[in-house]
Amino acid sequence: MTDATIPENLTAQGANTRKRFKVNTSAIVMGLYLLFLMLPLYWLLNMSLKTNTEILNDFTLFPRNLTLDNYRTILTDPSWYMGYVNSLIYVVMNMVISLSVALPAAYAFSRYSFMGDKHLFFWLLTNRMAPPAVFALPFFQLYSSVGLFDTHIAVALAHCLFNVPLAVWILEGFMRGVPKEIDETAYIDGYSFGGFFVKIFMPLIASGIGVAAFFCFMFSWVELLLSRTLTTVDAKPIAAIMTRTQGASGIDWGVLAAAGILTIVPGALVIYFVRNYIAKGFALGRV
């Protein structure tokens with residue numbers, strides 16, 4: 001072995017050592033991040049499987065007397081499970097209304113130029129920037145006067161104020177990626193605008209529709225202020241019910257934790273089914 005090869009071998013070994021150390025450091029950081037992220041979820045699940053006595057009196061990493069009574073209470077008590085039903089009703093209504101309005105609006109912004117189009121597009125996005133508290137009182141007085149208070153459609157329409165601009169912004173980016181020649185070719189082939197839009201154009205932007213539907217679902221599912229202000233009994237969602245759990249015996253922590261776990265499940269399922277669409281949205285710079 002020559003003197004020239006020794007430094008080269010040492011240099012290569014040092015580079016490999018640094019590379020392994022870098023990889024291990026990244027794994028450690030990622031592991032700590034996942035631990036920090038999952039710890040609240042685990043603790044919530046841990047509480048949901050305990051009795052109130054154990055939650056208040058003992059600090060345990062695992063339930064000593066595992067119980068499913070908290071979940072049984074939610075699934076059998078109408079005052080709890082109807083909250084999930086109400087939430088799903090107005091969330092689905094909001095998704096349908098928001099996408100029905102956003103699809104033609106986004107098509108117009110992506111295909112046509114008209115006076116004030118940039119200003120109008122910016123104005124739509126400014127509505128999304130306003131906090132829901134700004135609109136709580138106007139919506140409350142309006143719905144009380146027209147008889148829509150404490151109805152599912154009331155919450156669905158209120159959430160459209162925030163979801164429609166976001167859906168338009170997302171869909172417009174996907175639509176700009178579709179060449180205009182497709183529109184012209186479809187018209188030459190004899191398609192009406194409705195037939196072309198439903199049969200040809202919408203399948204081409206299915207990823208964008210999935211991303212927009214996901215964000216509409218998530219905002220409506222987790223939003224609390226408007227849904228709590230605009231409902232009392234008949235349409236009260238689970239997010240509002242979870243804030244009113246204190247009774248004569250105090251707060252039922254176990255049931256509240258179980259409700260939190262069951263509230264996370266629908267969002268997790270939606271994320272699982274649209275994860276590929278969200279990745280495409282990131283690629284287009286619209287998410």
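Predicted model: local features only at pLDDT ≥ 70, side-chain atom pairs only at ≥ 80, totals over all residues.
**Stop one: α3 and α4.** Select residues 69–76 for helix α3 and 78–111 for helix α4. Their axes come within 5 Å and cross at roughly 70 degrees. Because angles of 65 to 115 degrees count as roughly perpendicular, α3 is roughly perpendicular to α4. Now show side chains: T73, I74, L75 and T76 make the contact from α3, while P78, W80, Y81 and Y84 make it from α4. Colour this contact by class and you will find six nonpolar residues, two polar and no charged ones.

**Stop two: α7 and α10.** Next, pick residues 152–176, which form helix α7, and bring in α10, which spans 206–222. Here the axes come within 9 Å and cross at roughly 160 degrees, so α7 runs roughly antiparallel to α10. The crossing is right-handed. On the α7 side, select H159, F162, N163, L166, A167, I170, L171 and F174. Their partners on α10 are S207, G208, I209, V211, A212, F215, C216, F219 and S220. This contact has twelve nonpolar and five polar residues, with no charged ones.

**Stop three: the largest pocket.** The biggest contribution comes from α13, with five residues. By class, the lining has eight nonpolar residues, two polar and no charged ones, and the pocket's volume is about 170 Å³.

Note on methods. Residues numbered from 1 in each chain as written. Heavy atoms only, no water. 1 Å grid on protein atoms, 1.4 Å probe; cavity = no way out; pocket = protein on both sides within 12 Å on 5 of 7 lines; lining within 4 Å. Points joined across faces, edges and corners; volume = space filled by probe spheres on them. Helix = DSSP H or I, 4+ residues; strand = E, 2+ residues; numbered from the N terminus. Nonpolar A, V, L, I, M, F, W, Y, C, P; charged D, E, K, R; others polar. Axes fitted to C-alpha atoms, helices over the stretch in contact; angles between N-to-C directions. Parallel < 35°, antiparallel > 145°, perpendicular 65-115°, else oblique. Contact = heavy atoms within 4.5 Å. Left-handed = near helix turned anticlockwise from the far one by under 90°.
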